[in-house]
Amino acid sequence: MVCIRRATVDDLLEMQSCNLSCLPENYQMKYYFYHILSWPQLLYVAEDAGGKIVGYVLAKMEEDATVSHGHITSLAVLRSHRKLGLATRLMRAAEHDMVECFDAEYVSLHVRKSNRAAFHLYSETLGFKVNEIEAKYYADDEDAYDMRKDLKTHPSKRGAKDATEAVTSKMASATIEDGDAEEKEPEGDADDED
């Protein structure tokens with residue numbers, strides 16, 4: 001059994017190892033530290049029953065953006081654990097916290113044009129759409145799809161919106177009831193004085 005949980009500093013070396021095993025884009029350890037210190041809510045790992053990290057998602061919020069949005073820096077699952085839905089679960093966990101913690105409007109990512117499996121995951125399973133093609137995005141000059149997913153209708157946002165509307169409605173009802181009570185109170189006070 002594999003569980004999805006929030007990453008800790010103790011997981012960073014295994015996350016980097018997973019990255020080195022799976023992807024041509026690799027990062028120095030300071031980049032992992034930067035992510036976990038800046039956005040600890042957005043890093044998740046897939047951990048097997050033996051405590052081994054078999055996948056991760058490294059995500060962040062885009063700083064200095066006019067619209068609050070997240071970005072998936074890296075997603076990887078070891079070959080031995082692919083086709084189990086782990087990448088989908090990791091992505092959904094990060095998306096959820098982008099909305100819950102940062103009120104993100106959308107999430108973006110880049111994927112190699114040649115990576116058909118990842119493109120299928122993002123477009124067909126997770127609902128991302130191609131925003132544009134970035135020419136020579138990768139170090140080897142391969143083009144990338146710049147993909148985005150709208151989070152405005154994310155269940156967490158709808159739940160928060162529904163809760164806000166319910167509270168607003170209750171407050172409006174309470175105000176009306178209080179207003180009615182205030183109008184009646186002077187009559188009661190006049191009766192008490194007699």
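Modeller: This is a predicted model. I will begin with the core and then turn to the sheet.

The largest nonpolar core has 48 residues. M15, I72, L75, M91, M98 and Y122 have the most contacts inside it. Helix α3, residues 86-102, gives the most to this core, with eight residues. Nonpolar side chains tend to be buried together in soluble globular proteins.

M98 shows what this packing involves. Leaving out residues up to four places away in sequence, M98 touches L42, A59, K60, M61, G70, H71, I72, D103, A104, V107 and L151. I72, one of the residues touched by M98, is also among those with the most contacts inside the core.

Now the overall layout. The chain has five helices and seven strands. Along the sequence they follow the pattern β-α-α-β-β-β-α-β-α-β-β-α. Of the 194 residues, 39% count as buried. Take the contacts between residues at least 6 apart in sequence: 63% of them join residues at least 24 apart.

The sheet itself comes next. It is open, with seven strands in the order β1-β2-β3-β4-β5-β7-β6, and its pairing is mixed. β1 (2-6) and β6 (129-134) each have a single partner strand, so one side of each is left without a neighbour in the sheet. From one strand to the next, the twist averages 25 degrees.

Strands β5 (residues 106-112) and β7 (residues 144-150) pair in the antiparallel sense, over seven bridges. V107 has K149 of β7 as its bridge partner. V107 is also on the contact list of M98.

Helix α2 (residues 29-38) touches β2 (43-48), β3 (53-61) and β4 (69-77). The direction of α2 makes about 65 degrees with that of β3. Helix α4 (residues 116-125) touches β4, β5, β6 and β7. The direction of α4 makes about 20 degrees with that of β7.

Look closely at β3. This strand is mostly covered: nine of its nine residues are buried. β3 pairs with β2 in the antiparallel sense over five bridges. Within that pairing, A46 stands opposite G55 in β3. The two strands form a hairpin with four residues between them. In the turn, G51 has a positive phi of about 90 degrees. β3 also pairs with β4, again in the antiparallel sense, over seven bridges. There, M61 has G70 of β4 as its bridge partner. Both M61 and G70 are touched by M98.

Next, the loop between β1 and α1 (12-22), where D11 has its place. D11 has a relative accessible area of 5%, so it is buried, the cut-off being under 20%. Apart from neighbours within four places in sequence, D11 is in contact with R5, R6, V45 and I53. D11 and V45 are 34 residues apart along the chain, yet their C-alpha atoms are separated by 8.0 Å.

Back to α4. The buried residues of this helix are A118, F119, L121, Y122 and S123. Their cover includes β4, α3, β5, β6 and β7. Just after α4, G127 takes a positive phi of about 80 degrees.

The aromatic side chains complete the picture. A search of the whole structure finds seven aromatic pairs. In one, the rings of Y27 and Y32 have their centres 6.2 Å apart and their planes at 80 degrees, so the pair is edge-to-face. Y32 has 0% relative accessibility and therefore counts as buried. In another, the rings of Y122 and F128 have centres 5.8 Å apart and planes at 65 degrees, so this pair is edge-to-face too. Y122 and F128 are both buried. Y27, Y31, Y32, Y34 and W39 form one aromatic cluster. Finally, R112 lies over the face of Y138, at 4.3 Å from the ring centre.

Terms used: Residues are numbered from 1 along each chain as its sequence is written. This is a predicted model: local features need pLDDT of at least 70, side-chain atom pairs count only at pLDDT 80 or more; totals for chains, interfaces and linings use all residues. Side-chain values use heavy atoms; hydrogens and water are left out. A nonpolar core is a set of buried Ala, Val, Leu, Ile, Met, Phe, Trp, Tyr and Cys residues joined through side-chain atoms within 4.5 Å. Buried means under 20% relative accessible area, exposed over 50%, partly exposed in between (1.4 Å probe, protein chains only). Contact means heavy atoms within 4.5 Å. Rings of Phe, Tyr and Trp (its six-membered ring) pair if their centres lie within 6.5 Å; planes under 30 degrees apart count as stacked, over 60 as edge-to-face and the rest as tilted. A charge sits over a ring if NZ of Lys or CZ of Arg is within 6 Å of the ring centre and within 35 degrees of the ring normal. Two strands pair if DSSP finds at least two bridges between them. Axes are lines fitted to C-alpha atoms, for helices over the stretch in contact, and angles run from 0 to 180 degrees between N-to-C directions.
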